[in-house]
Amino acid sequence: MTTTAIEIAPNSALLVIDVQKGFDEESFWGPRNNPAAEDNIAALMDDWQAAGRPVVLVQHASVQPGSVLAADHPGHAFKDLVEKRSEGALVVTKTVNSAFYGTPDLADWLKARGIGQLVLVGIQTNMCVETTARMAGNLGYDVLVPLDATHTFDLAGPAGLALTADELATATAVNLQGGGFARVVTTADLLAP
């Protein structure tokens, strides 16, 4: 990914996207990648909170029938690693892929605090993380995505096309950095020495 030092702004916001219990239901989602994602997310949350930088928790409230992420389903809840680190964090609730289309308004909250740098982690790499990163890049934020603090699932597309979770994560990395939306980094790049 990257080998150069990453400068973290003093008020860089960590966006923890959709780290919810419903994503643990393999029978619903299928095979996932990156079993280290949750440990890396926890490490970044700990680092951000220790430094006094803002943390935003994004929670998906699916409106799709039968979804394990619906607001009335137990899977809507944050995973324990997030819940126990949630004190002082802003919670944004959304029903679509981008955290910028949630409540409260994320862009307004960031602007009011003069935040220009965002670090995005969470689930799914190629869905809500990538969509939020693309929008953030378009809105002019300095966006960092530690890919090893995200995970996704195998996915089938049209006409028999399918990609594994690892292939989708690679595509996201190429899309985000190659497209100029974000810098793709690692968790280690961002942790305080």
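Which residues lie nearest the centre of the largest pocket?

1. Ground rules. This is a predicted model, in which local features need pLDDT of at least 70 and side-chain atom pairs count only at pLDDT 80 or more, while totals for chains, interfaces and linings use all residues. Residues are numbered from 1 along each chain as its sequence is written, and side-chain values use heavy atoms, with hydrogens and water left out.

2. The pocket. Trp-29, His-60, Ser-62, Leu-69 and Asn-97 lie nearest the centre of the largest pocket, among 17 lining residues. The elements giving two or more residues to that lining are α1 (26–29) and α5 (125–138). A pocket here is an open set of points on a 1 Å grid over the protein atoms alone, where a 1.4 Å probe fits, with protein on both sides within 12 Å along at least five of seven lines; lining residues have an atom within 4 Å of a point. Helices (H or I, at least four residues) and strands (E, at least two) are DSSP runs, numbered from the N terminus.

3. Helix α2. Residues 37–50 form this helix of 14 residues, and its end-to-end C-alpha distance of 20 Å is close to the 20 Å expected at 1.5 Å a residue, the expected span being 1.5 Å times one less than the number of residues. Its buried residues include Ile-41, Leu-44, Met-45 and Trp-48, where buried means under 20% relative accessible area, exposed over 50% and partly exposed in between (1.4 Å probe, protein chains only). After α2 comes Gly-52, with a positive phi near 75 degrees.

4. Strand β3. Five bridges join β2 (residues 55–60) to β3 in parallel, and Val-58 sits opposite Val-92. On β3's other pairing, with β4 (residues 102–103), two bridges run in the antiparallel sense, and Thr-93 is opposite Thr-103. Strands pair if DSSP finds at least two bridges between them. In β3, Leu-90, Val-92 and Lys-94 make up the covered face, and Val-91 and Thr-93 the uncovered one. In a regular strand, side chains alternate between the two faces of the sheet.

5. The core. The largest nonpolar core holds 29 residues, and Leu-110, Leu-118 and Leu-120 have the most contacts inside it. Its largest share, four residues, comes from α5. Such a core is a set of buried Ala, Val, Leu, Ile, Met, Phe, Trp, Tyr and Cys residues joined through side-chain atoms within 4.5 Å.

6. A loop residue. Pro-74 is in the loop between β2 and α3 (80–83), and counts as exposed because its relative accessibility is 63%.
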